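The following note is intended for a colleague meeting this structure for the first time. Its points are numbered so that each may be checked in turn.

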Amino acid sequence: SLSFLNSLKEAGIEPASEIVIAKSDAFAGKIFVLTGTLQTLKRDEAADKIKQFGGKTASSVSKNTSFVVAGESAGSKLTKAQNLGVIILSEEEFLNMLEKEKI
């Protein structure tokens, strides 16, 4: 509510919203999980790119996960993805997917 936002503002907290404009719907209906350390992208940058192409990110692997992007030192999420038969992408494969979708 407006009074809550005003109280945050008075406390020195500025609410911010980030709007991600979709470039494409190539990843529509796809759920990505990011795990491990990515070399060329920060995780939030990778998540933003997924959203730009209409996809979603999740914090845990499930049977609904479409892809797991596995960086270095990927742990239990990678193991769970392997057990569930989820498609596992290296960072390079993920970046190649993004390149193919650029207009």
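1. Ser 24 counts as buried, with 18% relative accessibility; buried means under 20% relative accessible area, exposed over 50%, and partly exposed in between (1.4 Å probe, protein chains only). Ser 24 lies in the loop between helix 1 and strand 1. Its contacts, leaving aside residues up to four places away in sequence, are Gln 52, Phe 53, Gly 54 and Glu 101, where contact means heavy atoms within 4.5 Å. Ser 24 and Lys 51 are 27 residues apart in sequence, and their C-alpha atoms are 9.3 Å apart in space.

2. On the basis of the note: this is a predicted model, in which local features need pLDDT of at least 70 and side-chain atom pairs count only at pLDDT 80 or more, while totals for chains, interfaces and linings use all residues. Residues are numbered from 1 along each chain as its sequence is written, and side-chain values use heavy atoms, with hydrogens and water left out.

3. The chain has 4 helices and 4 strands, which follow one another from the N terminus as α-β-α-β-β-α-β-α. Helices (H or I, at least four residues) and strands (E, at least two) are DSSP runs, numbered from the N terminus. Of the 103 residues, 30% count as buried. Among contacts with a separation of 6 or more, 67% join residues 24 or more positions apart. The chain exposes about 6,900 Å², of which carbon and sulfur atoms supply 51%; accessible areas come from the Shrake-Rupley method with a 1.4 Å probe, and for residues only the protein chains shown count as cover.

4. Which residues touch the most other members of the largest nonpolar core? They are Phe 32, Val 69, Leu 89 and Phe 94, in a core of 15 residues. Strand 1 (31-35), helix 2 (43-52), strand 3 (67-70) and helix 4 (91-101) each give two or more residues to this core. A second, separate core of 5 residues includes Val 33, Val 61, Val 68 and Val 86. A nonpolar core is a set of buried Ala, Val, Leu, Ile, Met, Phe, Trp, Tyr and Cys residues joined through side-chain atoms within 4.5 Å. In soluble globular proteins, nonpolar side chains tend to be buried together.

5. Residues up to four places away in sequence aside, Val 69 touches Phe 32, Val 33, Leu 34, Thr 35, Leu 38, Leu 89, Ser 90, Glu 91 and Phe 94.

6. In helix 4, Glu 91, Phe 94, Met 97 and Leu 98 are buried. Viewed down the axis of helix 4, the buried residues fall within an arc of 120 degrees, so they line one face of the helix; the arc is that of the directions from the helix axis to the C-beta atoms. Their cover includes strand 1, helix 2, strand 3 and strand 4 (87-90). On the other side of helix 4, Glu 92, Glu 99 and Lys 100 are exposed.

7. Two further serines lie in loops. Ser 66, between strand 2 (56-58) and strand 3, counts as buried at 18% relative accessibility. Ser 73, in the loop between strand 3 and helix 3 (76-84), counts as exposed at 71% relative accessibility. The phi of Ser 73 is near 60 degrees, a positive value in a residue other than glycine. Most residues other than glycine have a negative phi.
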